[in-house]
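Work through the exercises below with the sequence and the structure open. Each task is followed by a solution in steps.

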Amino acid sequence: MEKLAIGEENETRLKTSAHTPLLYLLIPIIAGFSIAHGALPEPPKWILLFAAFACVGVAIWSFKWLQSAQRLMLWSIPFSLGVVLFAWLYYALRIPPPPDLSKQANREAFVTLEVQRLFAYQPESRNFGGLAKLVTAPTYRPDLKGQTVFFNCRKADDWKSVGKKSQFKIRGKLEPTPLGTEGFDAYLVQQGAYLKITQGDLLSVTQETPRFYRWFKGINLQWQETLQHGASTPETQNLAGIATAMLLGEKAALEPKTKERFILSGTMHLFAVSGLHVGIVAGFLFIVISALQIPAPARPWIGLVLLLAYVYITGAAPSAVRAWWMAAFFWSANAFLRKPAPFSALCASAIVVLLIDPRQLFAAGFQLSYTVVAGLLLFGIPLQDWLKHRIDPWKWIPENSLGWPQKVLRSSLHFSLGMFAISFTASMFSMPLTIRYFRILAPGAFLLNIPLVLIAPLAMTASLFGVIAGSLGFTGLAVFANRASWVFIRCMDWLVEVFTRVPQSSLSVSWRWDGFGYLLATAMLAAGIMLGDKRVRPLLRFGGPIAILLMSLLLITQISTNAQ
């Protein structure tokens, strides 16, 4: 019996260790960025630099001269503190402080903007907008040159030539972005857009979008047109809009009622190009590249280039870029003939993303993406393995002694258990931040996500096949693929509609203190890391994070009326 207990415990251990040396970098970097972003006064940069080098020097000295027991204790503390200080200094150098807008009145301004990102607007909208950099500042505030601003501008004859890295002259009302607010204004502040230009008029385009971006935008528009092939009725046009939003992340293609259903059901993640979408396209590319008999060492590099092209076709949203970096670190291990370590790849991608743009740490998308993926690796996959081990009516019978009905039933059971574990984990680990940012709790969303996550890859694969066929001139095949995609999308939309009709399927919930959402997500991940590689009982291993979440929901939330 003792041997069996040990065997059962081993079944719950991670196949790849949760303890990666990269955590010694990632956690202090997060701490340093958080300190720099907070309200603490910033000391002179030379003091930060001197203190950081001093800490690293102490770490090197302790590692070289002290005994092993002393070394572990004295090396890790100064090293971690040194990384925190370097991260603080790096954030201070990379992210300029907010401009002094205390005396900034809402005034008319004539400025030139360089587009950083365009937002999705409904096709019938008279305006377009996004984030841009001030190339020329107003005459009365020359110090604002280089600041990031949000602009909202009326469409003109040449508005379609405005794209990423293009420059245009605009006249509009320049005003500060309200601080300390929620919703869209809070998102703008997080992006560093402390100014807004509203009621704008496009005067002239002074610099076109570089050819690189125009080429990918042209492919995007061509794919959108291809996805509409065969849509001749209002119903099929709605389905084609859902397909466009799923494959390309164009949420403007969704009808308002359809968008509202997916928001209330907690499944809008299907339309944000992120890990799910990049993973589906990566799997499609892997199958195609393997079928072409391309040499194994070259497959990851070819796949990553094509996958990056898909990211740019969809507009290179931050969530898509983050997912690409995750795939890049995972696939590159295959290229170097090394065994992939998913958790190490996740930490490495997080470090790279934060070094490229430190503000990502405070974005809801970054926090949700990495929290959910880390939860899947630390909790979901071990739970899946444990359930398969415990719930197996033929686990004592050799595989070759089973008949085909038993093998089919076992495979079906294991697949269902796996989908339950993955969907339950994703919903559980996303819940603290979902409540923090969206004030919505869909208690049964993880059950809805099980069929949706199964059907979505089929719909996206059919749509991907359709746009490729359409690009090659095979219009008939594109129409056939679109109709196949609509069959799956119709099932998804029906499931979401049924779910939203269930009483109390969507609740309006908030934390009594907004910061608790961050603390709870951190506590759940910390529990997963600390228990991930230890031989603990399954009750503690899997019950600990669940108990933390349930107690928090019962004691520290405010439940309002139904969100519907």
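Buried means under 20% relative accessible area, exposed means over 50%, and partly exposed lies in between. The model is predicted.

**Exercise 1.** Determine whether Arg154 and Asp201 are buried or exposed, or in between, and describe how they pair.

Solution. 
- Step 1. Arg154 has a relative accessible area of 39%, so this residue is partly exposed.
- Step 2. Asp201 is partly exposed as well, because its relative accessible area is 23%.
- Step 3. Side chains of opposite charge can pair when their charged atoms come close.
- Step 4. Between Asp201 and Arg154 there is a salt bridge, with 2.6 Å separating the closest N and O atoms.
- Step 5. Arg154 belongs to strand β3 (residues 148-154) and Asp201 to strand β5 (residues 193-207), so the pair ties together parts 47 residues apart in sequence.

**Exercise 2.** Find which elements the salt bridge of Lys196 and Asp185 links, and classify both residues.

Solution. 
- Step 1. The salt bridge between the side chains of Lys196 and Asp185 has an N to O distance of 3.3 Å.
- Step 2. Lys196 sits in strand β5 and Asp185 in helix α5 (residues 184-190); the two are 11 residues apart.
- Step 3. Lys196 counts as buried because its relative accessibility is 14%.
- Step 4. Asp185, with a relative accessible area of 18%, is buried.

**Exercise 3.** State which residues make the nonpolar surface patch of about 480 Å², and locate Phe465.

Solution. 
- Step 1. The patch is made by Phe465, Ile468, Leu472, Phe474 and Leu477.
- Step 2. Phe465 is part of helix α15 (residues 445-471).
- Step 3. A residue in a patch needs over 30% relative accessible area.
- Step 4. Phe465 has 42% relative accessibility and so counts as partly exposed.

Note on methods. Residues are numbered from 1 along each chain as its sequence is written. This is a predicted model: local features need pLDDT of at least 70, side-chain atom pairs count only at pLDDT 80 or more; totals for chains, interfaces and linings use all residues. Side-chain values use heavy atoms; hydrogens and water are left out. Patches are made of residues with over 30% relative accessible area and no salt bridge: like charges are joined within 9 Å, nonpolar side chains (Val, Leu, Ile, Met, Phe, Trp, Tyr) within 5 Å. Accessible areas come from the Shrake-Rupley method with a 1.4 Å probe; for residues, only the protein chains shown count as cover. A salt bridge is a side-chain nitrogen of Lys or Arg within 4 Å of a carboxyl oxygen of Asp or Glu. Helices (H or I, at least four residues) and strands (E, at least two) are DSSP runs, numbered from the N terminus. Buried means under 20% relative accessible area, exposed over 50%, partly exposed in between (1.4 Å probe, protein chains only).
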